[in-house]
Structures are given as C-alpha cells and as structure tokens.
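Please read them with the structure open beside you.

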Amino acid sequence: MRVLVLGSTGFLGLHITEHLRALTGVRVLRAGRSPGADLRVDLATATVPELAAGLRALAPDAVVNCAGAVGGGPLLLAETNARGPAVLCEALTAAGLPVRLVHLGSAGEYGTTAGRSLAEDSATRPQGAYGATKLAGSLTVAEAALDAVVLRVFNPLGPGSPGTSLPGRLADELLRAGPDGTVRVGDLSAYRDFVDARDVARAAVLATTAPGPLPRILNIAGGSATQVRTVAEGLSRVSGFRGRIDENGAGSERSSAVSWQQADITAAASALGWHPERPLATSLADLWTSRTGTPAIPHPA
C-alpha cells in the first residue's frame with residue numbers, strides 16, 4: 001500500500017508518518033515544499049493540472065492531508081486551509097485515482113458551544129479566519145465525490161508540540177523562566193478537549209486503512225473538557241517549576257472567544273474502533289521530555 005502524506009514535516013504529520021511506517025506492507029510517500037519530498041508541492045499555490053500529474057506519477061492508494069496554517073494572516077489561512085483542500089480534491093478527481101483521502105480538520109470549525117458535547121452534526125460557528133477557513137476546507141472534502149473522510153481534531157498535544165500551541169508555548173516559557181522564575185501567559189480559565197498527537201496518528205492510520213466507506217466527518221478528541229489551567233499545572237509539575245504563573249499576558253487570538261469545548265467521540269469508536277489511549281499526564285510528561293531530553297518528574301503515587 002502506498003500512502004502519500006501532505007504536511008509530513010508538521011507536528012501531526014510527523015506522528016502520522018511514523019505510525020504509517022510502522023505498518024507492514026505500507027510505503028510512505030511525502031508531499032510538501034521540502035527538497036526531499038517525493039512530490040514537491042505547495043497546496044496554497046499549486047494548480048490542479050500540475051498536482052494531478054504528480055499524483056498520477058506516484059499512484060498512491062491513499063492520501064493523508066496534514067497541511068494547514070494556524071496563523072500568518074487571512075490570505076495565508078485562506079490559501080492553505082480553504083484553497084488547498086479544494087485543489088487537492090479536484091486534482092484527485094482529475095487524476096482518476098481510486099484513493100482514500102483522509103483530511104485533518106479542526107475543532108475550531110465548531111466555534112462557540114453551549115456546554116454540550118459536540119457531535120459531528122453540531123452547528124458550526126467558527127470564530128475568526130482560522131476556524132472559517134478550516135471549515136471551508138473540511139466541507140470541500142466532505143462534499144467531494146471521493147472516498148474521503150475529515151478527522152476533526154480537537155486540541156492535540158504531546159511530544160513535539162509546537163510553540164504556536166498553548167501546551168508548546170507553556171513548555172517554552174517554563175524553559176525560559178527556569179525553576180523559580182515567572183511565566184507570563186493569558187487567561188487559563190477556558191476548557192478544552194485535549195488529545196495526544198499519537199492517538200490522533202493512530203486514528204489517521206485506521207481511517208487510511210479501514211475497508212469500505214467511512215462517515216464524512218469524525219471527531220478525534222479526548223472526549224472530556226479539561227481546564228487549560230490544568231495543563232499549565234501539569235507541565236509545572238513535570239518540569240519541577242516552583243515559580244509563579246502570571247495569567248495577565250496575551251492569550252490566543254484563535255481560541256479566546258470559545259470558553260468551553262468537549263467532543264462526542266462515539267462515531268469514531270463505531271466507525272474506526274478508535275478511542276484515545278494516553279492520559280493527559282502522559283502527554284504532558286512526554287512533551288516536556290521531548291523539549292528537554294530529560295525525564296519528567298514522576299507523578300506522586
């Protein structure tokens with residue numbers, strides 16, 4: 001089986017590629033802007049004919065699209081998150097390849113909630129350009145005349161969490177501050193549904209290899225709302241931080257308008273046999289170890 005991964009050098013792309021390579025009989029092909037990619041392409045600027053030609057040449061059995069932008073301005077968000085999936089879907093159609101397309105969506109597509117778990121048919125009210133452009137891309141994939149599924153990923157964390165994410169930024173700030181310093185962050189009172197990136201990768205692998213058609217959209221999340229402050233406290237513990245966390249700093253513009261999110265993940269369990277396996281404490285400890293190369297301080301028994 002030949003699986004083409006777009007965005008394979010990103011946070012989730014790296015984990016998904018690693019999980020795919022562990023499978024017997026699977027050959028992973030990489031698409032992106034890096035010189036070593038099997039297919040050099042930028043979905044933000046690629047044309048349908050050139051991408052279709054590249055896809056025909058590689059003849060993958062499945063395509064996993066991890067490419068996306070979380071910042072950089074409205075134009076980059078629109079080009080990458082909305083235009084990119086549209087070009088990919090049209091190119092796959094033009095290439096005439098019988099492939100399974102797995103596209104990574106975002107919890108940002110749902111936006112505000114009213115204290116209820118979000119199912120795949122919940123209303124989508126994205127806040128800002130990021131959520132709106134991710135929703136446009138996901139709808140394009142969900143409505144395409146392809147064998148396709150959108151994995152709507154909630155708040156991924158774990159080894160390699162980028163500094164653009166809240167857990168990654170907290171880890172970077174803890175490193176900068178030292179054990180007795182001050183970490184300045186935004187308000188940590190919001191609730192989010194966190195899921196380990198390795199569990200996301202396992203879901204993507206299952207979606208790539210599952211026989212038969214899948215539901216068009218599946219939530220991939222931990223299935224419970226956790227206060228963001230709990231993440232900060234957990235990272236402080238595993239790092240041995242004894243200083244002060246100041247919540248008067250700048251927060252995330254992407255998510256500041258959403259105070260509570262929790263996913264209903266029963267559809268993913270039914271369609272893929274998937275459920276999250278790694279608890280938050282493990283994700284935070286492994287995130288810290290990946291940042292520092294030193295073991296996290298164990299949780300007290």
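1. Leu188 sits in the loop that runs between strand E8 (182-184) and strand E9, and in this predicted model the residue is buried, with a relative accessible area of 2%. Leaving out residues up to four places away in sequence, Leu188 touches Leu166, Gln227, Val228, Arg229, Ala232, Ile245 and Glu247.

2. An α-helix has 3.6 residues a turn, so residues three or four places apart point the same way.

3. The length of H7 can be checked directly: its twelve residues (228-239) should span 16 Å at 1.5 Å a residue, and the end C-alpha atoms are 17 Å apart, which agrees with that expectation. Just after the helix, Gly240 takes a positive phi of about 80 degrees.

4. Turning to the sheet, in what order do the seven strands of the open sheet lie? The order is E3-E2-E1-E4-E5-E6-E11, and the pairing is parallel. Strand E3 (39-40) and strand E11 (217-220) stand at the edges with a single partner strand each, so one side of each of them is left without a neighbour in the sheet.

5. Is strand E4 (residues 62-65) covered on one face or on both? Both faces are covered, with Ala62 and Val64 buried on one side and Val63 and Asn65 buried on the other. Strand E1 (residues 2-6) runs parallel to E4 and is joined to it by four bridges, with Leu4 standing opposite Val63 and Val5 having Val64 as its bridge partner. Strand E5 (residues 100-106) is likewise parallel to E4 and joined to it by four bridges, and there the bridge partner of Val63 is Leu101.

6. On the E2 side of E1, the two strands pair in the parallel sense over five bridges, and Arg2 stands opposite Arg27 in E2. Five of the six residues of E2 are buried, so this strand is largely enclosed by the rest of the structure. E2 in turn pairs with E3 in the parallel sense over two bridges, where Ala31 has Leu39 as its bridge partner.

7. E1, helix H1 and E2 make a right-handed β-α-β unit, and H1 lies across E1, strand E2 (27-32), E4, E5 and strand E6 (147-153), running at about 160 degrees to E2. Ser8 is found in the loop between E1 and H1 (11-21), and with a relative accessible area of 5% it counts as buried. Not counting residues up to four places away in sequence, Ser8 touches Gly13, Leu14, Thr17, Arg30 and Ala31.

8. When its neighbours within four places in sequence are set aside, Asp199 is in contact with Trp274, Pro276, Glu277 and Arg278.

9. Thr266, by contrast, is exposed, with a relative accessible area of 55%, and its place is in helix H8 (residues 266-272). The side chain of Thr266 makes a polar contact with the side chain of Asp264, at 2.7 Å. Thr266 and Asn219 are 47 residues apart in sequence, whereas in space they are 8.4 Å apart, C-alpha to C-alpha.

How values were computed. Residues numbered from 1 in each chain as written. Predicted model: local features only at pLDDT ≥ 70, side-chain atom pairs only at ≥ 80, totals over all residues. Heavy atoms only, no water. Expected span 1.5 Å × (residues − 1). Contact = heavy atoms within 4.5 Å. Buried < 20%, exposed > 50% of the residue type's maximum accessible area, 1.4 Å probe, protein only. Pairing = 2+ DSSP bridges. Axes fitted to C-alpha atoms, helices over the stretch in contact; angles between N-to-C directions. Right-handed = clockwise from strand over helix to strand, strands pointing away. Polar contact = N/O pair within 3.5 Å; in protein donor to acceptor, adjacent residues only side chain to side chain.
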